[in-house]
2 protein chains.
Amino acid sequence: MLGNRLLWAVARSCLQRPTYSLHKITTPHTCKDVLFKRRCFSSGAGAESSSPLQKEGQSGALYRFLIYGKEKVHGKSYLLAIAATGCLGAGLLVALADAGRDSTRSDSDEAVSPEGSGKKKVVILGTGWGGISFLKSLDASKYDVRVVSPRNYFVFTPLLPSVTSGTVEARSITEPIRRIIRKKDVKFHEAECTKIDEANKKVMCRDISDVKCKGKEDFELEYDYLVVAVGATSNTFGTKGVEEYCHFLKEIEDAEKIRGRIVDCFETASLPHLSDEDRRKLLSFVIVGGGPTGVEYAAELHDLIYEDLTSLYPELQKIVNITLVQSGDHILNTFDGRISEYAEKKFSREGIDVKIGSRVLGVTEETISFKSKATGKLMEIPYGMIVWSTGIGTRPVIADYMKQIGQTDRRVLATDEWLRVKNTDGVYALGDCATVEQRKIAEDIADLFKLADKDGDGYLSVSEFVDTMDNVRMRYPQIDLYMERQHMEGVVGLLNDALKKEKNVKLDLEHFSEAICKVDSQMKSGPATAQVAAQQGEYLALSFNHMAMGSPDEGPIRVRGGGRHRYHPFRYRHLGQFAPLGGETTAAELPGDWVSIGRSTQWLWYSVYASKQVSWRTRALVIFDWTKRFVFGRDSSRM
Amino acid sequence: MLGNRLLWAVARSCLQRPTYSLHKITTPHTCKDVLFKRRCFSSGAGAESSSPLQKEGQSGALYRFLIYGKEKVHGKSYLLAIAATGCLGAGLLVALADAGRDSTRSDSDEAVSPEGSGKKKVVILGTGWGGISFLKSLDASKYDVRVVSPRNYFVFTPLLPSVTSGTVEARSITEPIRRIIRKKDVKFHEAECTKIDEANKKVMCRDISDVKCKGKEDFELEYDYLVVAVGATSNTFGTKGVEEYCHFLKEIEDAEKIRGRIVDCFETASLPHLSDEDRRKLLSFVIVGGGPTGVEYAAELHDLIYEDLTSLYPELQKIVNITLVQSGDHILNTFDGRISEYAEKKFSREGIDVKIGSRVLGVTEETISFKSKATGKLMEIPYGMIVWSTGIGTRPVIADYMKQIGQTDRRVLATDEWLRVKNTDGVYALGDCATVEQRKIAEDIADLFKLADKDGDGYLSVSEFVDTMDNVRMRYPQIDLYMERQHMEGVVGLLNDALKKEKNVKLDLEHFSEAICKVDSQMKSGPATAQVAAQQGEYLALSFNHMAMGSPDEGPIRVRGGGRHRYHPFRYRHLGQFAPLGGETTAAELPGDWVSIGRSTQWLWYSVYASKQVSWRTRALVIFDWTKRFVFGRDSSRM
């Protein structure tokens with residue numbers, strides 16, 4: 001346990017924020033390198049990643065910290081150095097684990113020789129967060145790049161709930177792909193991939209738009225590398241009636257349909273010959289799913305109705321009903337508990353009926369029925385509209401591909417830490433259609449230990465640990481992620497703590513296995529969010545650029561083979577998340593374990609979402625839309 | 001002829017712009033009245049129209065001109081007075097014609113007694129230019145007003161062609177009806193009128209939107225007054241294949257579909273496996289109809305393609321083809337010849353293929369065929385998209401209503417000059433679904449003459465003419481319209497001219513019948529434009545307000561009955577028209593017979609269209625859209 005804590009503390013100090021003492025004991029040059037590297041990894045300055053010097057990463061800083069420490073430490077710095085040495089054992093065990101990876105093929109096989117006969121063909125499926133992020137960072141001049149997607153634009157999906165209410169317009173959050181790739185040598189084809197032919201390395205595509213060239217709807221593209229970023233469908237969990245009667249919130253058309261439907265419900269309820277019961281049914285809005293999207297949509301709906309529609313339909317104000325059905329015990333259950341609680345109270349105050357712990361049994365043309373998990377009580381309510389926003393399902397093309405590669409009984413494609421789809425050749429997957437199956441350190445622990453224990457004495461000394469520390473943290477990014485999740489802060493306290501408990505910094509296999517197992521058990525794959533997809537896309541593009549430039553291998557050492565991995569494994573960096581709750585109030589989990597709720601957070605939300613826009617055009621449009629809403633309210637034209 | 005010219009000249013001087021001499025010989029007070037009245041008629045200061053004093057109209061000014069003239073004329077003014085006196089005869093004959101009207105029912109029957117038992121029920125069908133203009137000017141507190149329309153918003157239709165290219169966004173030119181009527185006691189029902197039941201004075205309506213209350217889609221509304229402003233459909237002239245394969249440009253959805261289709265054609269043409277022939281077909285855009293809408297759409301399409309799309313689809317630039325098929329001998333043939341010529345040259349320079357004098361024979365899924373009227377040559381060209389923009393057709397509900405009231409074999413409803421549908425009770429029609437059947441002066445000429453010739457000497461003296469002049473011009477607005485169309489300028493020259501030819505200003509019936517016949521033969525009903533519908537709506541609302549307030553009759557004297565008509569007949573005032581030609585160039589016919597073409601006219605167009613917006617909201621949005629287009633270009637997302 002101790003070693004474990006030490007390991008995280010040191011690693012975190014390098015990854016997150018250089019502590020004062022670290023600055024003090026490294027030379028300015030070294031310190032600069034650390035910071036530079038951090039940027040290279042986390043915010044991805046593409047061109048920088050080709051320099052081997054810059055590739056040594058955060059653990060390189062740790063290495064230097066220890067080396068320099070030996071020569072320069074004085075006073076308290078000496079203690080720090082000792083502590084660091086002490087934690088080496090823990091880290092070492094982790095480092096050792098890398099040795100165990102028995103990759104079915106070498107990742108260096110994929111390197112492209114830039115002086116080869118022709119450019120390698122890269123086909124990208126999908127133009128969502130993953131695909132676009134990949135495209136934007138890719139050095140397209142090195143490959144023959146083709147993008148295939150049934151929609152010729154990118155959607156800034158986090159603002160989709162705002163489109164449902166008209167807070168922002170649909171076209172304000174979309175950017176044509178051809179604008180994004182305008183300065184790149186990339187070909188775009190507006191079509192849907194209907195099949196990935198693993199055996200022949202090609203994809204079958206079909207033009208599914210209204211305008212078709214008769215008899216020529218289908219075509220094929222060959223690939224050397226395939227980047228699958230097609231996203232996911234909504235998951236109905238097989239619930240009866242959902243496909244037929246519910247609205248989803250995945251695409252821009254979905255948001256537009258919902259927007260029209262809300263107003264349509266109000267218009268129909270305004271007809272002169274209806275009963276109160278009819279009107280009540282029409283104005284019963286149900287949202288299934290209490291995740292961030294469902295909650296944000298509920299908030300937007302509430303704002304639309306009470307800020308704009310009730311003044312236009314005053315006689316209907318009192319019979320509107322919004323119900324949020326959540327299967328879990330709380331809404332926003334992936335957020336900090338304080339945010340869930342705040343959201344539930346706010347919704348309750350505003351008259352949004354939150355049904356927690358309720359499982360939807362089925363949907364008919366007129367009603368939705370659900371059951372309380374706690375009491376077993378059945379409920380059935382009539383509705384005017386249901387928005388279904390729970391989980392993600394598998395697209396047919398992915399389901400078919402999974403069969404080909406033996407990944408059946410899964411919802412999404414499994415990739416390794418380099419985003420390569422397992423059991424395939426040259427196929428990468430990212431975003432909602434894939435999940436990284438992180439290799440457990442525990443599986444490799446014996447090999448790692450063997451590799452690190454150079455003198456073969458059964459113990460890892462400080463220098464042995466230091467020698468492999470870089471590679472361990474690179475190979476098993478869960479170490480850093482775990483550290484972040486455990487809210488570990490600063491290195492000094494932990495080092496001191498460790499030194500008090502145990503003077504012996506030479507660690508045996510058994511002692512650290514315990515700690516390692518804990519790391520593995522707490523690791524989860526990244527959530528299906530835009531943030532993950534975007535980071536994956538960027539990561540993969542940098543890897544492709546690295547590959548194309550013929551740069552030396554920069555990854556961690558191969559535990560079971562010789563040499564190094566071609567490049568670093570993917571490392572997700574969680575930058576926090578927002579949950580807009582309506583009425584100019586937003587809740588946020590911010591980096592550094594901060595939780596913020598309120599109007600000021602709403603403004604933070606505005607600024608972050610404006611800054612994250614994919615182009616200056618959409619940025620200007622979104623800001624104008626927000627302003628427009630403040631000045632004129634939301635538009636209630638039903639079109 | 002002479003009398004005729006004199007009449008127009010004098011009348012025009014009052015209607016259009018007070019000439020210097022007129023100013024000089026009227027008192028400031030009288031002059032003010034003239035101007036005021038003009039505003040009352042043409043730009044419709046609603047509340048003012050109820051004052052009987054203000055109702056005397058332009059001819060009242062003429063009257064005063066003559067009266068004051070007698071007292072004050074000096075020097076040249078004297079000549080003018082003589083000339084005016086000379087023209088009286090001409091005018092008189094016109095005036096006489098009013099006597100002949102044999103109205104099938106009295107328009108004063110329709111007056112509502114405000115102190116009646118309950119408010120009269122007014123049902124308005126349609127929320128286009130006519131309906132909204134009526135609603136905006138109506139004093140809704142005096143009636144029980146209900147509006148029925150299948151769309152809950154008003155569309156600024158002159159900007160529809162701009163929506164097809166994305167120069168402005170659809171929602172920027174729409175305003176929800178409920179916003180427009182927010183401060184009025186008006187009920188809106190989003191439904192389509194399926195039948196007007198003339199016998200029972202009610203309308204049958206149906207909710208045709210997606211959200212319906214099952215089994216309760218249909219409802220009825222009773223009316224005392226029905227205002228039919230449902231507009232028209234596109235007229236296919238029975239051409240085969242048009243309904244199935246062509247796009248129209250009537251509704252906001254049409255414009256959005258066209259916008260999507262253009263990009264879809266480009267996207268499909270970009271697919272990798274197509275032949276050049278396929279691509280050429282996909283990028284062949286055909287517009288049928290060389291009227292203002294067709295021409296503006298062609299210009300917008302050209303701008304969209306060459307300003308925005310070609311940079312995104314550079315390989316397709318050279319194979320785009322735009323064809324404009326016009327059955328007439330020139331495009332824009334309702335415009336000044338210089339404008340037609342300029343437009344044709346500009347289009348030819350830009351590569352838009354204008355096929356004048358060509359009649360479309362039919363449309364298939366792949367091609368459109370047409371025949372040159374002059375040479376008889378048949379042509380067939382493949383297309384990617386056809387936009388059909390020729391003439392107006394009859395909506396089913398109107399066709400059915402026509403059968404009920406015996407107006408068969410017509411395209412639109414016939415109304416009298418008070419916009420009352422002929423052979424009906426309490427039904428008014430305006431806009432594209434109706435046409436004013438102007439009563440000919442010649443029909444009433446004998447009665448008019450008899451009425452005016454008070455001394456029965458067979459000749460009309462100056463004073464006899466003056467006494468009936470007001471009523472003649474009110475009753476037969478074609479006099480003013482004819483005058484405008486004849487480009488008659490100023491009164492002085494004409495008066496002098498008249499005096500030279502004929503000193504005797506006492507005119508007999510025969511002498512002026514000739515002139516009157518000429519007036520009638522040149523009269524046409526107003527074009528099917530927004531301008532006409534808006535003026536009609538405003539006119540009718542002012543009439544309704546007048547009726548509700550129990551104001552004294554303000555119309556012209558009844559030639560065949562006693563007393564006066566309830567209110568003035570409708571009088572269309574043509575304020576000019578624009579024809580945007582693309583590339584920041586617009587042609588315009590402006591009031592006062594000015595023709596203007598060029599970039600400065602484009603800016604005039606911007607300012608006029610911005611100022612004519614129905615709300616500050618749409619005004620801001622449209623201006624923002626124009627700015628956005630300048631800065632970022634047009635959006636090419638296909639949604």
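How do strand S6 and strand S7 of chain B pair, in the parallel or the antiparallel sense, and over how many bridges? I will start there. This is a predicted model, so please hear everything that follows as computed from it.

Strand S6, residues 192-197 of chain B, pairs with strand S7, residues 202-206 of chain B, in the antiparallel sense, over five bridges. For a landmark in that pairing, take B:Lys195, which stands opposite B:Met204 in S7(B). The two strands make a hairpin with four residues between them. In the turn, B:Lys201 has a positive phi of about 50 degrees. S7(B) also pairs with strand S8, residues 218-222 of chain B, again antiparallel and over five bridges. There, B:Arg206 has B:Asp218 in S8(B) as its bridge partner.

A parallel case next. Strand S11, residues 284-288 of chain B, pairs with S17(B) in the parallel sense over four bridges. B:Val288 has B:Trp388 in S17(B) as its bridge partner. S17 covers residues 385-388 of chain B. B:Met385 and B:Val387 point to one side of the strand, B:Ile386 and B:Trp388 to the other, and all of them are buried.

Now the chain as a whole, taking chain A. Chain A has 22 helices and 26 strands. Of its 639 residues, 61% are buried. Among contacts in chain A between residues at least 6 apart in sequence, 69% join residues at least 24 apart. The accessible surface of chain A is about 25000 Å², and carbon and sulfur atoms account for 52% of that.

One helix in chain A is worth a slide. H15 spans residues 445-452, and its buried residues are A:Ile445, A:Leu448, A:Phe449 and A:Ala452. Viewed down the axis of H15(A), these buried residues fall within an arc of 100 degrees, so they line one face of the helix.

Where does A:Ala528 sit? A:Ala528 is in the loop between helix H19 (509-522) and helix H20 (530-548) of chain A. Its relative accessible area is 45%, which means partly exposed. Leaving out residues up to four places away in sequence, A:Ala528 touches A:Ile392 and A:Asp432. For a distance, the C-alpha atoms of A:Ala528 and A:Asn152 are 22 Å apart, with 376 residues separating the two along the chain.

On to the two copies. A rotation of 180 degrees, with 0.1 Å of shift along its axis, superposes chain A on chain B with an RMSD of 0.1 Å. The two copies are therefore related as by a two-fold rotation axis. Both copies use the same surface, as 100% of the contact residues of chain A recur in chain B. Which residue of chain A comes closest to the rotation axis? That is A:Phe624, with its C-alpha at 4.4 Å.

Last, a residue that touches both chains. B:Glu175 is in strand S4, residues 174-176 of chain B. Is B:Glu175 buried or exposed? Its relative accessibility is 4%, so B:Glu175 counts as buried. Its side chain makes a polar contact with the side chain of B:Ser615, at 3.1 Å. With residues up to four places away in sequence set aside, B:Glu175 touches A:Ser637 from chain A. Its contacts within chain B include B:Tyr153, B:Phe154, B:Ile180 and B:Arg617.

Notes
Residues are numbered from 1 along each chain as its sequence is written. Chains are lettered from A and ligands numbered from 1 in the order in which they are written. This is a predicted model: local features need pLDDT of at least 70, side-chain atom pairs count only at pLDDT 80 or more; totals for chains, interfaces and linings use all residues. Side-chain values use heavy atoms; hydrogens and water are left out. Copies are superposed by least squares on the C-alpha atoms of residues with pLDDT of at least 70 in both. Contact means heavy atoms within 4.5 Å. Buried means under 20% relative accessible area, exposed over 50%, partly exposed in between (1.4 Å probe, protein chains only). A polar contact is a pair of N or O atoms within 3.5 Å; within protein, one must be able to donate a hydrogen and the other to accept it, and residues adjacent in sequence count only if both atoms are side-chain atoms. Two strands pair if DSSP finds at least two bridges between them. Accessible areas come from the Shrake-Rupley method with a 1.4 Å probe; for residues, only the protein chains shown count as cover. The arc is that of the directions from the helix axis to the C-beta atoms.
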